[in-house]
Amino acid sequence: MSNLDLVIRGGEVVTASDRAHADVAVRNGKIVAVGIDLPRGKEEIDATGLLVMPGGIDSHVHLDQPSGDGAIMADGFETGTRSAIVGGNTTVIPFALQARGSSLRDAVAEYHAKADGQSYCDYGFHMILTDPTPSVLGQELPALVAKGYTSVKVFMTYDDMVLNDRELLEVFDAAGECGALVMVHCEGYDAIRYMTEKLEKADKIAPYYHAVSRPESVEREAAHRAISHAELTGVPIMIVHVSGREAMEQIRWARNRGLKIMGETCTQYISLTADDLKGLNMDDSGSKYVCSPPPRDPESWAAIWSGIQTGVFQTFSSDHCPFYFEGEYGKTSPKARTGFRWVPNGIPGVAVRMPLLWSEGVEKGRISANEFVALTSSNHARIYGLGNKGSIAPGYDADITLWDHKRKVTITQSLMEHGSDYTPWEGVEVTGWPAMTILRGRVVMRDGEVLETKAMGAFLPRELSSEARRMHGGPVAA
Ligand code: URP
Ligand code: ZN
Ligand code: ZN
């Protein structure tokens with residue numbers, strides 16, 4: 001008997017760079033060999049007809065995150081990560097939010113308490129900085145970065161989170177000093193407020209007007225401003241959840257000038273439109289699609305695809321930000337019915353990110369299977385400092401998705417395993433679906449069935465972003 005715990009046999013291994021028929025051997029949660037005719041393992045999985053890919057890493061999800069207006073998220077770690085593994089993911093990176101007036105350290109400690117023993121997959125934390133005081137930037141941030149919380153998100157909108165330009169510059173500078181990667185939510189606060197008030201005065205309060213209040217120009221202006229601040233401070237940034245051509249072209253422009261700007265886009269920006277927010281005849285059902293930035297139109301989808309194909313976007317995430325549709329805290333609560341301004345922003349999508357990208361991308365010939373792996377896993381690992389994850393090679397964690405690229409599935413709420421009471425993609429047909437999710441050598445999901453306990457996931461302290469360090473001109477090797 002060999003000393004291998006698991007051998008995955010007969011599949012086609014796909015990484016960000018290679019594609020070959022090979023077997024994969026696992027010992028103690030690590031990949032120890034990729035080869036042909038490997039010895040038998042204690043457990044064998046027949047992957048004939050399946051693709052053997054690195055487990056998905058979704059570096060942009062929100063779980064159990066408090067919001068200023070009191071809305072309660074539909075997912076904590078338990079349901080959110082359950083949904084993640086059903087969708088072929090083995091790692092998620094949600095956000096520990098600093099409330100104004102509170103310490104960043106406390107935010108991280110509180111978030112650990114929420115996650116501990118509750119996660120079906122591995123996880124790290126980004127931090128959200130809302131109160132960049134001198135002690136937060138000078139002491140807490142560097143100390144937390146050194147402990148493995150190596151990225152921060154900042155917002156250019158939302159009453160309870162917005163930073164002004166001076167504060168953004170200070171955060172960029174401080175992050176540059178300690179090597180943290182800054183993720184920026186680019187939408188301009190004043191323009192949104194102006195548009196919202198104008199629409200409200202005209203009694204245009206249905207969910208659809210959420211999209212009207214935040215047109216692409218609002219995102220473009222903020223993206224340009226963030227890029228200018230990054231240039232001034234010489235710090236690399238990641239512009240997250242880019243929704244369409246305008247902001248995408250800003251990133252392309254910046255990169256052509258040699259600036260260190262990375263880009264992320266998300267499932268909703270290749271599959272939903274602002275018209276979805278109209279619901280049935282401008283009714284409340286449009287709120288199911290309210291997220292920020294809002295989805296645009298099929299022309300924007302084409303622009304996003306060109307950004308994906310030409311490397312403007314390194315990561316494809318879900319921005320899973322789950323709320324209920326019904327109920328006291330839902331998108332149709334009495335408060336939310338008083339106008340789009342009060343509809344909780346965000347949609348659930350961690351389970352459909354990989355199937356929708358495969359279906360729209362690989363199946364339709366827009367990207368290769370290798371690019372799919374880079375966009376859903378390897379680039380997230382590299383950019384967010386998860387050195388042991390995101391590939392299939394000896395030494396890597398045995399985080400693997402067995403992908404059934406021929407399976408046709410109609411997306412429906414009952415498959416999602418998330419806490420929300422709906423999915424925005426109800427009834428959408430996809431080709432390509434995860435048959436099995438393997439976390440550190442253990443099968444955690446088979447054919448939609450969750451097989452391990454919620455204590456399986458481990459917290460991952462992360463290294464500094466090798467991509468940010470490369471772009472910043474510093475040493476890349478740890
Ligand atoms: O609408 C969204 N995406 N809300 C989530 C928070 C964010 O900005 O990522
Ligand atoms: Zn955001
Ligand atoms: Zn988000």
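This is a predicted model: local features need pLDDT of at least 70, side-chain atom pairs count only at pLDDT 80 or more; totals for chains, interfaces and linings use all residues.

Me: Is N28 buried or exposed?
Reply: N28 lies in the loop between strand 4 (23-27) and strand 5 (30-35). Its phi is positive, near 50°, and N28 is not a glycine. Exposed means over 50% relative accessibility. N28 has 69%, so N28 is exposed.

Me: What is phi of D447 near?
Reply: D447 is in the loop between strand 20 (442-446) and strand 21 (449-450). Phi of D447 is positive, although the residue is other than glycine. The value is near 50°.

Me: How are helix 10 and helix 11 oriented to each other?
Reply: Helix 10 spans residues 353-362 and helix 11 spans residues 369-383. Their axes are 9 Å apart, at an angle of about 150°. Angles over 145 degrees count as roughly antiparallel. The two helices are therefore roughly antiparallel.

Me: How many nonpolar residues does the contact of helix 10 with helix 11 have?
Reply: Helix 10 brings R353, M354, L357, W358 and V362. Helix 11 brings A369, F372, L375, T376 and H380. Two of the contact residues are polar and one is charged. The nonpolar count is seven.

Me: What is the handedness of the crossing of helix 10 and helix 11?
Reply: The crossing is that of helix 10 passing helix 11. Its hand is right-handed.

How values were computed
Residues are numbered from 1 along each chain as its sequence is written. Chains are lettered from A and ligands numbered from 1 in the order in which they are written. Side-chain values use heavy atoms; hydrogens and water are left out. Helices (H or I, at least four residues) and strands (E, at least two) are DSSP runs, numbered from the N terminus. Buried means under 20% relative accessible area, exposed over 50%, partly exposed in between (1.4 Å probe, protein chains only). Axes are lines fitted to C-alpha atoms, for helices over the stretch in contact, and angles run from 0 to 180 degrees between N-to-C directions. Angles under 35 degrees count as roughly parallel, over 145 as roughly antiparallel, 65 to 115 as roughly perpendicular and the rest as oblique. A crossing is left-handed if the near helix is turned anticlockwise from the far one by less than a right angle, and right-handed if clockwise. Contact means heavy atoms within 4.5 Å. Ala, Val, Leu, Ile, Met, Phe, Trp, Tyr, Cys and Pro count as nonpolar, Asp, Glu, Lys and Arg as charged, and the others, Gly among them, as polar.
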